[in-house]
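Student: Could we go through the charged side chains in this one together? I'd like to take them pair by pair.

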Amino acid sequence: MNAIAESRLPTRLATLLYRFLSSNSAQASDTALVQLSTTCVNRLKQICMNDMFLRVSVEGGGCSGFQYKFSIDTQLENDDTVVSRDGARVAIDSASVEYLNGATIDFHTELIRSGFRVINNPRADQGCSCGASFAVKLD
């Protein structure tokens, strides 16, 4: 596809077409990228209306080097990868995809707190006791 024809496509369609034609396996297999637990799906269905979704990102910081950030959002960005299950949606920005590939997004409830968390992350070497931050596993 040439640049002129591509510029005429709506941005979202162009992004989807690029992902389809791309050889990048993390982008091409969005459904395998991140798993959503049943508790995560159920909680998102309770709190998200219409076009709302959970945004998950990885930022530098925390006591182990990187930390997970969760927020409810309504605006998808061009570089977002969207994972969905049973109507619940999670968006992950392109910079965070490599840190979350193969992980599971969960919603956990304890006596004194509840919240979203990342579990079974194959890219995490170690983490802090609260589970909010992690160190990246070096290959």
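Tutor: Let us begin with Asp 80, whose side chain reaches the backbone nitrogen of Glu 77 at 2.7 Å. This is a predicted model, in which local features need pLDDT of at least 70 and side-chain atom pairs count only at pLDDT 80 or more, while totals for chains, interfaces and linings use all residues. Residues are numbered from 1 along each chain as its sequence is written, and side-chain values use heavy atoms, with hydrogens and water left out.

Student: Where is Asp 80 found?

Tutor: Asp 80 is found in the loop between β3 and β4, where strands (E, at least two residues) are DSSP runs numbered from the N terminus.

Student: And is Asp 80 buried or exposed?

Tutor: Asp 80 counts as buried, at 1% relative accessibility; buried means under 20% relative accessible area, exposed over 50%, and partly exposed in between, with a 1.4 Å probe and protein chains only.

Student: Which residue forms a salt bridge with Asp 80?

Tutor: That is Arg 55, with the closest N and O atoms 2.8 Å apart; a salt bridge here is a side-chain nitrogen of Lys or Arg within 4 Å of a carboxyl oxygen of Asp or Glu. Arg 55 lies in strand β2 (residues 53–60) and Asp 80 in the loop between β3 (66–73) and β4 (81–85), so the pair ties together parts that are 25 residues apart in sequence. Arg 55 also counts as buried, at 12% relative accessibility.

Student: How many salt bridges are there by this rule?

Tutor: The count comes to 6 salt bridges. One of them joins Lys 69 to Glu 59, with the closest N and O atoms 3.7 Å apart. Because Lys 69 lies in strand β3 and Glu 59 in strand β2, this pair ties together parts that are 10 residues apart in sequence.

Student: What about the exposure of Lys 69 and Glu 59?

Tutor: Lys 69 is partly exposed, with a relative accessible area of 41%, and Glu 59 is partly exposed as well, at 33%.

Student: Which residues do salt bridges with shared partners join into one network?

Tutor: Arg 55, Asp 73 and Asp 80 are joined in that way.

Methods: Helices (H or I, at least four residues) and strands (E, at least two) are DSSP runs, numbered from the N terminus. A polar contact is a pair of N or O atoms within 3.5 Å; within protein, one must be able to donate a hydrogen and the other to accept it, and residues adjacent in sequence count only if both atoms are side-chain atoms.
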